[in-house]
Amino acid sequence: MSENIKSAYFAGGCFWGVEYYFEKHNGVKAAISGYMGGEMPNPNYRSICTGTTGHLEVVRVDYDCSIVDYESLTKLFFEIHDFTQTNGQGPDIGSQYLSAIFYDNEDEKNISKNLITTLTQKGYEVATKLISTLNTPFFEAEDYHQDYYEKEQKVPYCHKRREIF
């Protein structure tokens, strides 16, 4: 990978909708659906759907930092899902659908914290958790989850963009 290509990790409910919006964003090279945050090695969709593995549905966003910055991506993340929902996302209820940002370093953590502060000042109760990627591997989801809406020629049912920032 080029030195300008970085990765960011966002959990905002069903990964299909999150992936859909990030793939369309300028500077994003790839949006990959997967799982993070649990204890089970090599999780799969069937296992994480039980809600017992601790994994969240996550999208790894590979982006060119010379075109788009982490803060812009994080703002988009907040604008495409309900970051106030505590039990899932839209009709998708369960621990695997919670809102979280997995940060790689203190800069990413601080950017995320500052945006959460801004949202709180705007009157929102933010449920999004901040979780370090240290010792938290990303597991790519099964092929049939990748580019789901593009393959199905559909649009997300529980994600839509609304400008907040």
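The following legends describe close-up views of a predicted model. Local features are reported at pLDDT of at least 70 and side-chain atom pairs at pLDDT 80 or more, while totals for chains, interfaces and linings use all residues. Residues are numbered from 1 along each chain as its sequence is written, and side-chain values use heavy atoms, with hydrogens and water left out.

**Figure 1. Crossing of helices H3 and H4.**
Two packed helices are described by the angle between their axes and the distance between the axes. The axes of H3 (residues 70-79) and H4 (residues 106-121) come within 10 Å and cross at roughly 45°. H3 is therefore oblique to H4. Axes are lines fitted to C-alpha atoms, for helices over the stretch in contact, and angles run from 0 to 180 degrees between N-to-C directions. Angles under 35 degrees count as roughly parallel, over 145 as roughly antiparallel, 65 to 115 as roughly perpendicular and the rest as oblique. Helices (H or I, at least four residues) and strands (E, at least two) are DSSP runs, numbered from the N terminus. The crossing of H3 with H4 is right-handed, the near helix being turned clockwise from the far one by less than a right angle.

**Figure 2. Residues at the contact of H3 with H4.**
From H3, the residues Tyr70, Glu71, Thr74, Lys75 and Phe78 take part. They meet Glu108, Ile111, Ser112, Leu115, Ile116 and Leu119 of H4. By class, this contact has six nonpolar, two polar and three charged residues. Contact means heavy atoms within 4.5 Å. Ala, Val, Leu, Ile, Met, Phe, Trp, Tyr, Cys and Pro count as nonpolar, Asp, Glu, Lys and Arg as charged, and the others, Gly among them, as polar.

Seven of the 10 residues of H3 are buried, and the helix is mostly covered. Buried means under 20% relative accessible area, exposed over 50%, and partly exposed in between (1.4 Å probe, protein chains only). The buried residues are Tyr70, Leu73, Thr74, Leu76, Phe77, Phe78 and Glu79. Their cover includes strand E1 (5-12), H1, E2, strand E3 (56-64), strand E6 (99-103) and H4.

**Figure 3. Salt bridges Glu71–Lys75 and Glu79–Arg161.**
The structure holds three salt bridges, a salt bridge being a side-chain nitrogen of Lys or Arg within 4 Å of a carboxyl oxygen of Asp or Glu. In the pair Glu71 and Lys75, the closest N and O atoms are 3.7 Å apart. Glu71 and Lys75 are four residues apart in helix H3 and are thus separated by about one helical turn. Glu71 is partly exposed, at 32% relative accessible area, and Lys75 is also partly exposed, at 28%. The side chains of Glu79 and Arg161 meet at 2.8 Å, N to O. Because Glu79 lies in helix H3 and Arg161 in the segment after helix H5 (148-152), this pair ties together parts that are 82 residues apart in sequence. Glu79 is buried at 3% relative accessibility, whereas Arg161 is partly exposed at 44%.

**Figure 4. Salt bridge between Arg60 and Asp62.**
The side chains of Arg60 and Asp62 form a salt bridge of 3.0 Å, N to O. Asp62 is buried, with a relative accessible area of 6%.

**Figure 5. Helix H1 and its residue Val18.**
Eight of the nine residues of H1 are buried, so the helix is largely enclosed by the rest of the structure. The buried residues are Phe15, Trp16, Gly17, Val18, Glu19, Tyr20, Tyr21 and Phe22. Val18 has a relative accessibility of 1%. Not counting residues up to four places away in sequence, Val18 touches Phe10, Gly12, Val59, Ile80 and His159. Val18 and Ala31 are 13 residues apart along the chain, and their C-alpha atoms are separated by 8.6 Å.

**Figure 6. His25 in the loop between H1 and E2.**
The loop that holds His25 runs between helix H1 (15-23) and strand E2 (28-36). His25 is partly exposed, at 22% relative accessible area. Beyond residues up to four places away in sequence, His25 touches Val68, Leu73 and Leu76. His25 and Tyr63 are 38 residues apart in sequence, with a C-alpha to C-alpha separation of 9.4 Å.

**Figure 7. Ser33 in strand E2.**
Ser33 is buried at 0% relative accessibility. Leaving aside neighbours within four places in sequence, the contacts of Ser33 include Phe15, Glu19, Val58 and Val59. Ser33 is also in contact with Phe138, Glu140, Ala141, His145 and Gln146.
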